[in-house]
Amino acid sequence: MSAEQKLRELGLTLPSGSAPAANYANAARSGNLLFIAGKAPLPENGKMPKGKLGREYTTADGYRFARSAALDLIAVARTELGSLDRVARIVEVQGILNATDYFEEHPQVLNGCSDLLVEIFGERGIHARSVLGANSLRGGVPLVIKATLEILPD
Amino acid sequence: MSAEQKLRELGLTLPSGSAPAANYANAARSGNLLFIAGKAPLPENGKMPKGKLGREYTTADGYRFARSAALDLIAVARTELGSLDRVARIVEVQGILNATDYFEEHPQVLNGCSDLLVEIFGERGIHARSVLGANSLRGGVPLVIKATLEILPD
Amino acid sequence: MSAEQKLRELGLTLPSGSAPAANYANAARSGNLLFIAGKAPLPENGKMPKGKLGREYTTADGYRFARSAALDLIAVARTELGSLDRVARIVEVQGILNATDYFEEHPQVLNGCSDLLVEIFGERGIHARSVLGANSLRGGVPLVIKATLEILPD
């Protein structure tokens, strides 16, 4: 099943893709690699989430936020490529969590992103990844995720 | 206008490029990609800046530091390539800010780097980027920026 | 001398390669690039190291941990490629250190990784790198290192 079909089957609606706030792009392509800018979770009830994992937010909240940020990454990919079926592979993901000094459940949080990528892209969604705890992020968002994709030759 | 012409027009002088301090290189090339090591701001008045954004330094200081680190990244690129006109595209930038737990203005700081890249490289300078708050950096420097460039085929 | 020969000469035994804990892979290949997931130090005396550089651990401990994580990265590369002699170049390394707010010796710690890569791969082991202090990491490990390698064409 193609990624676009899978997306419909899952009943997922992609956001419009958050805009870059300054002199940079949502994505930059080099050869068959597409580098996507770091993305925060989408707004909930019209407000950007703000707070730290391990303090304002639980690991389960983090999982939901990571899934949300992944939706934004995917939305950017579709905008750039026209169709998600042009994605050959999700190559690399880096999760950056706004977390307390004592937070330890980084993998469980980033799974929210990884699980969605595999749901949508299947084998092509399995990526190398890394995750870390930052002590601060832009606007106090609870996480930012960046990704590198391989795209099918034109 | 070429990047080298633009640099002259802006009256910018590139530093000599800071040397790697250990068993690594300022840059490593793979195919058409050039990966540049993380660079701190250049010394000011002969001293390396030291301190945190949100405590010793303001967001305006951070903007200046990000511009300074970008100059060092560009200096490395020129040393590696011979001429900046061999840069096809700035592909990806990651800014790592030494910041307090409550700092939120990461994008405004990293703009110091992004703005300079676009001033010099124009459309080719527009990159994907991510930025995060680290609680410590080498020698206490206020930020480190790394970059990946695409270079024109030989 | 080939990397595999060098490994034998150094008397180093590669670990079996730690398994990914979730919906992701130890490594993902795109063209000639191999992206390896973030790796922590191997267990010591059957236990995963846990603690911060600058508090539970010294810089010398960190050097040892970075060398240990590098062994795991190399083990993953060999599992993926069959032989380390297929590595054309270590392109990029990022070290993420679980450190106190006042830690400053990040380069000395990451040297444990860089030195081992150069011991084993010689000129091919010299990479671009960046290093930062995270305020928390998964399971409280003292560091995580990720790497990107170029591999020889098939």
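# A walk through a predicted three-chain model

Of the 154 residues of chain A, 54% count as buried, where a residue is buried if 20 or more other C-beta atoms lie within 10 Å of its own, exposed if 12 or fewer, and partly exposed in between, with C-beta atoms placed from the backbone. This is a predicted model, in which local features need pLDDT of at least 70 and side-chain atom pairs count only at pLDDT 80 or more, while totals for chains, interfaces and linings use all residues. Residues are numbered from 1 along each chain as its sequence is written, and chains are lettered from A and ligands numbered from 1 in the order in which they are written.

The secondary structure of chain A comes to three helices and five strands, helices (H or I, at least four residues) and strands (E, at least two) being DSSP runs numbered from the N terminus. Along the sequence these elements of chain A follow the pattern α-β-β-α-β-α-β-β. The radius of gyration of chain A is 15 Å, close to the 15 Å that the globule rule gives for 154 residues, so chain A is as compact as a globular protein of that length; the radius is taken over C-alpha atoms, and the rule is 2.2 Å times the number of residues to the power 0.38. Taken along the principal axes, the box filled by the C-alpha atoms of chain A is roughly 45 × 35 × 30 Å. Among the contacts in chain A with a separation of 6 or more, 84% come from residues 24 or more positions apart, two residues being in contact if their C-beta atoms, placed from the backbone, lie within 7 Å.

The strands of chain A build an open sheet of five strands in the order β1-β2-β5-β3-β4, with mixed pairing; two strands pair if DSSP finds at least two bridges between them. At the edges of the sheet are β1 (27-30) and β4 (128-134) of chain A, each of which pairs on one side only. Neighbouring strands of this sheet are turned by 15° against each other on average, direction ignored. For this and the other angles, axes are lines fitted to C-alpha atoms, for helices over the stretch in contact, and angles run from 0 to 180 degrees between N-to-C directions. Helix α2 (residues 59-81) of chain A packs on the sheet, where it touches β1, β2, β3 (87-98) and β5 (143-151) of chain A, and its direction makes about 40° with that of β5(A). Helix α3 (residues 106-121) of chain A lies across β3, β4 and β5 of chain A and runs at about 160° to β3(A).

The strands can be followed in more detail in chain B. There β1(B) and β2(B) form a hairpin with two residues between them, and B:Gly31 in the turn has a positive phi of about 60°. These two strands, β1(B) and β2(B), pair in the antiparallel sense over four bridges, and the bridge partner of B:Ala28 in β2(B) is B:Phe35. On to the next pairing, β2(B) and β5(B) are also joined in the antiparallel sense, over five bridges, with B:Ala147 in β5(B) as the bridge partner of B:Ile36. Seven of the seven residues of β2(B) are buried, so this strand is largely enclosed by the rest of the structure.

We turn now to how the chains are arranged. Chain B can be laid on chain C with an RMSD of 0.0 Å by a turn of 120° and a shift of 0.0 Å along the axis, copies being superposed by least squares on the C-alpha atoms of residues with pLDDT of at least 70 in both. The two copies are thus related as by a three-fold rotation axis. Only 9% of the interface residues of chain B are also interface residues in chain C, so the copies meet through different surfaces.

Where chain B meets chain A, the contact takes 28 residues from chain B and 24 residues from chain A. On the chain B side, β3 (87-98), α3 (106-121) and β4 (128-134) each supply at least two residues, and β4(B) gives the most, with seven residues. Where chain B meets chain C, 23 residues of chain B are in contact with 28 residues of chain C. Here β2(B) gives the most to the side of chain B that touches chain C, with four residues.
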